[in-house]
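Please examine the sequence and the model shown below before reading the report.

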Amino acid sequence: MNKAIYPGSFDPITYGHLDIIDRCSKIYDKLIVGVIKDSNNKKFLFDEFERKEMIESVLNKFQNVEVKIFDSLLIDFAVQENVKIIVRGLRALSDFEYEFQMALMNRKLNDEISTIFMMPHEKYIHISSSLIKEVISLGGNVKDYAPELIINNVKNKI
Ligand code: ADP
């Protein structure tokens with residue numbers, strides 16, 4: 001089976017993430033959305049269970065997508081799941097340097113596993129979970145960028 005992992009924080013999931021999931025679900029037999037439990041660099045608004053549950057609640061139309069929490073090196077998670085492809089989204093040029101470093105480091109750690117980059121529809125190229133949280137916290141309307149349920153969850157949490 002042709003499987004891939006799409007890892008990230010998803011704090012919370014946006015239409016940009018869903019665009020990438022949609023594209024991957026058409027290419028791969030199975031896609032695992034990997035929700036990272038903790039990060040040294042980021043403080044999350046939602047815990048890993050809330051983030052997973054929110055993704056699942058907006059994934060109804062995808063039959064071949066599963067959401068899993070992981071708490072290890074991404075490469076170890078991929079080996080554990082028997083997956084050889086990691087998918088990352090590329091938005092603006094600003095993503096490139098970080099993603100480039102991560103992809104090469106992951107390849108150094110395990111050359112059997114490759115990172116593939118995908119670009120979302122251009123209407124989502126400028127959005128991130130952080131930007132969405134910031135705009136919601138200031139009372140702005142982001143209905144074009146995240147599902148209503150997610151927006152309501154962010155409002156309640158804030
Ligand atoms: P991370 O902390 O791992 O970057 P994110 O949840 O911010 O986690 O992003 C997960 C993946 O989704 C990353 O590859 C990121 O580049 C991508 N991504 C985030 N927002 C978008 C978007 N608007 N369009 C396409 N890809 C996106």
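Predicted model: local features only at pLDDT ≥ 70, side-chain atom pairs only at ≥ 80, totals over all residues.

Residues are numbered from 1 along each chain as its sequence is written, and side-chain values use heavy atoms, with hydrogens and water left out.

The chain contains 6 helices and 5 strands; helices (H or I, at least four residues) and strands (E, at least two) are DSSP runs numbered from the N terminus. Along the sequence they follow the pattern β-α-β-α-β-α-β-α-β-α-α.

Buried residues, with under 20% relative accessible area (1.4 Å probe, protein chains only), make up 45% of the 158 residues in the chain.

Helix α4 spans residues 96-109 and has 14 residues. From its first C-alpha to its last it reaches 20 Å, close to the 20 Å expected at 1.5 Å a residue; the expected span is 1.5 Å times one less than the number of residues.

Which residues of α4 are buried? They are Glu99, Ala103 and Asn106. These residues lie on the same side of α4 because they cover an arc of only 65° around the axis, the arc being that of the directions from the helix axis to the C-beta atoms. The face turned away from the buried side carries Glu97 and Lys108, which are exposed, meaning over 50% relative accessible area.

The buried residues of α4 pack against the following elements.

| Element | Residues |
|---|---|
| α3 | 74-80 |
| β4 | 85-89 |
| β5 | 114-118 |

Contact means heavy atoms within 4.5 Å.
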